[in-house]
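Subject: Structure handover

Hello,

Here is the structure I promised you. Please open it before you read on.

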Amino acid sequence: MAIFFVAAEVVAGSAAWLGRGLSCVCVQRTDSDASNSFDLTLAQEECLHKLQRRIDVPYDSSIIEHQDALRALWNAAFPEEELHGLISEQWKEMGWQGKDPSTDFRGGGFISLENFLYFARNFPKSFQDLLRKQEGDRSVWEYPFAVAGVNITYMLIQLLDLEAVKPRNLVGATFLKFLAENESAFDLLYCITFKLMDHQWLSMRASYMDFNAVMKATRRQLEKEILFEDISRLEDLPSYKLLSR
């Protein structure tokens with residue numbers, strides 16, 4: 001899975017994000033992390049394997065299901081505007097780097113598109129608020145919604161150590177308890193994280209060059225909340241309250 005985020009430049013009065021230069025904020029493993037392995041229940045193992053299969057699916061623009069999902073994302077984002085094609089300048093309105101979103105999905109795979117759709121369908125108000133930057137005192141140079149979303153998917157996969165046979169950190173092991181109770185836990189955590197990231201963005205009065213610092217702050221806060229002793233489900237996370245339907 002490619003790391004893809006960070007350098008930016010200003011072109012014609014707008015922030016142009018260069019995916020090739022964007023550095024993902026990932027978990028820094030230590031030697032002790034590598035030696036840790038948490039025992040899982042059978043249900044947790046099955047849920048992990050199912051989620052890993054989702055993670056392994058690349059976005060493929062030749063697959064009808066993927067094409068339909070991309071169209072569904074456009075319709076959820078801009079229901080009042082007809083999409084002229086899966087390759088179109090219109091996609092830049094959503095914060096993709098170019099006219100073909102498939103090139104940006106390489107960083108997160110098909111699951112990143114599924115995350116977007118889950119967010120749009122289950123928390124439409126928060127989705128639209130973030131897409132249209134409707135809350136708070138915004139920066140002149142904002143982060144691009146779509147590219148940020150793919151990076152959040154990638155960051156969560158790294159944070160939760162989801163590509164390992166078994167989680168090697170406590171955050172990942174704790175998450176699998178949530179996943180065993182709710183098969184949509186990863187998608188829900190994505191929504192929470194996106195909203196938390198925007199909350200951090202506003203709190204830090206950030207601009208586009210601060211995106212990595214905002215992502216680091218988001219990751220630290222998310223780790224902290226997941227490990228709270230009184231959290232038995234994702235809906236108990238303090239940041240869940242930021243979401244609106």
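At what angle do the axes of helix α2 and helix α4 cross? They cross at roughly 105° and come within 7 Å. Because 65 to 115 degrees counts as roughly perpendicular, α2 is roughly perpendicular to α4.

Some background. This is a predicted model, where local features need pLDDT of at least 70, side-chain atom pairs count only at pLDDT 80 or more, and totals for chains, interfaces and linings use all residues. Residues are numbered from 1 along each chain as its sequence is written, and side-chain values use heavy atoms, with hydrogens and water left out. Helices are DSSP runs (H or I, at least four residues), numbered from the N terminus. Axes are lines fitted to C-alpha atoms, over the stretch in contact for helices, and angles between N-to-C directions run from 0 to 180 degrees.

Helix α2 covers residues 42-55 and helix α4 covers residues 110-122. In α2, L51, R54 and I55 meet I111, E114 and N115 of α4. Contact means heavy atoms within 4.5 Å.

Next, the second largest pocket. A pocket is an open set of points on a 1 Å grid over the protein atoms alone, where a 1.4 Å probe fits, with protein on both sides within 12 Å along at least five of seven lines; lining residues have an atom within 4 Å of a point. Its lining includes L51, R54 and E114. Helix α2 gives the most to this lining, with four residues.

Lastly, helix α6 (residues 145-159) packs against helix α9 (residues 211-226) at about 45°, with axes 12 Å apart.

Best wishes

Terms used: Helix = DSSP H or I, 4+ residues; strand = E, 2+ residues; numbered from the N terminus. Parallel < 35°, antiparallel > 145°, perpendicular 65-115°, else oblique.
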